[in-house]
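Here's a quick briefing to read alongside the model. Have the sequence and the 3D view open as you go.

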Amino acid sequence: MSKNSKMAKMSQQQSDASHPRRLARRLPLVGAAAAGSVLLLAGPAFAHVSVQPTGTAAKGGYATVNFKVPNEKDDASTVKLEVTLPTDHPLASVMPQPVPGWKISVTKTKLAKPIEMEGEKINEAPSKITWTADGKGVEPGQFQQFPLSVGQLPKDTDQLVFKALQTYDNKEVVRWIEPTKEGAPEPENPAPVLKLAAAEEDGHGAAGADAKGGTTAGMKTTAASSDASGSDNTARILGAIGIVVGIIGVGFGVFAGRRRSA
């Protein structure tokens with residue numbers, strides 16, 4: 001073998017040996033980018049202001065709902081929550097449960113069209129509930145639930161939309177007011193939505209209703225709803241992990257292809 005041939009062979013061997021090293025250096029970058037995708041996909045699922053339960057409140061009954069408010073900031077606390085109640089389907093009875101460390105105010109609005117409830121005409125209804133912290137509020141890494149007893153729930157719609165404003169102690173306001181359209185991607189700041197289900201034949205909700213007491217009715221437990229929400233979050237994370245595995249697989253495929261072509 002000539003000297004030039006030996007040098008060419010050694011150069012080729014060095015090039016082949018460098019491929020795994022280059023790939024090894026690139027894989028952490030690919031992994032980091034993919035991990036970032038996991039955070040981007042999983043993050044919003046945990047940060048939303050939401051209303052629970054979802055899909056379990058009975059039409060025509062009463063229900064106890066919870067507005068769940070996670071703190072999505074690392075350097076600020078949530079000190080105010082304002083929830084606007086729907087005016088197209090007004091709720092005549094809205095009773096907030098006291099929350100330690102928070103002041104509550106209820107704003108009422110005169111209705112353009114009076115509604116009838118238990119034989120009485122109602123000319124005004126609650127239009128906004130405001131919770132204001134008189135202490136530290138919801139600190140980073142924490143969440144708070146704000147319970148409401150509401151009713152009677154409308155019979156002529158499948159959902160109620162509650163627009164919410166979340167205010168931090170650094171004066172930043174996050175507006176959870178964007179509608180979620182069926183078949184479309186979830187918006188960045190979706191408004192909390194309470195899904196409504198048909199009442200059972202006995203006229204009560206799925207879990208039994210107290211039409212006069214304004215207590216929990218036509219709903220499953222909040223824990224069940226939380227489990228469903230957790231399952232959805234888990235599915236998103238697993239999907240993102242699949243993306244990571246796919247990217248790594250592509251990287252190995254490229255490396256193998258180069259080895260074969262060499």
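Start with Lys80, which sits across from Thr167 of β10. Behind that pairing are six bridges that join β4 to β10, with the two strands running antiparallel. Keep in mind that you're looking at a predicted model.

**The five-strand sheet**

- β4 and β10 belong to an open sheet of five strands, ordered β6-β7-β4-β10-β11 and paired antiparallel.
- The edges go to β6 (102-117) and β11, and each has a single partner strand, so one side of each is left without a neighbour in the sheet.
- Going from one strand to the next, the twist averages 15°.
- As a reminder, strands of a sheet pair through backbone hydrogen bonds, and they can do so in parallel or antiparallel fashion.

**Around β7**

- β7 is joined to β4 by five bridges, and the two run antiparallel.
- Ile115 faces Ile122 of β7 as its opposite number.
- The hairpin of β6 and β7 has two residues between the strands, and Glu118 there takes a positive phi near 55°.

- Is Glu82 buried or exposed? Glu82 is buried, because its relative accessible area is 17% and the cut-off for buried is under 20%.
- Lys128, on the other hand, counts as partly exposed at 28% relative accessibility.

- Another is Lys59 with Asp158, where the closest N and O atoms come to 2.6 Å apart.
- That pair also links distant parts of the chain, with Lys59 in the loop between β2 (57-58) and β3 (63-70), and Asp158 in the loop between β8 (143-151) and β9 (159-161), 99 residues apart.
- Then there's Lys73 with Glu172, at 2.9 Å between the closest N and O atoms.
- Lys73 lies in the loop between β3 and β4 (78-84), while Glu172 lies in the loop between β10 (163-168) and β11 (173-176), so this pair ties together parts that are 99 residues apart in sequence.
- Glu172 comes out as partly exposed, with a relative accessible area of 32%.

**The chain as a whole**

- In total, the protein chain has two helices and 12 strands.
- Which pattern does the protein chain follow along the sequence? It reads α-β-β-β-β-β-β-β-β-β-β-β-β-α.
- Of the 262 residues in the protein chain, 34% are buried.
- Take the contacts between residues at least 6 apart in sequence: 74% of them join residues at least 24 apart.
- The accessible surface of the protein chain comes to about 15300 Å², and carbon and sulfur atoms account for 54% of it.

Key
Residues are numbered from 1 along each chain as its sequence is written. This is a predicted model: local features need pLDDT of at least 70, side-chain atom pairs count only at pLDDT 80 or more; totals for chains, interfaces and linings use all residues. Side-chain values use heavy atoms; hydrogens and water are left out. A salt bridge is a side-chain nitrogen of Lys or Arg within 4 Å of a carboxyl oxygen of Asp or Glu. Helices (H or I, at least four residues) and strands (E, at least two) are DSSP runs, numbered from the N terminus. Buried means under 20% relative accessible area, exposed over 50%, partly exposed in between (1.4 Å probe, protein chains only). Contact means heavy atoms within 4.5 Å. Accessible areas come from the Shrake-Rupley method with a 1.4 Å probe; for residues, only the protein chains shown count as cover. Two strands pair if DSSP finds at least two bridges between them. Axes are lines fitted to C-alpha atoms, for helices over the stretch in contact, and angles run from 0 to 180 degrees between N-to-C directions.
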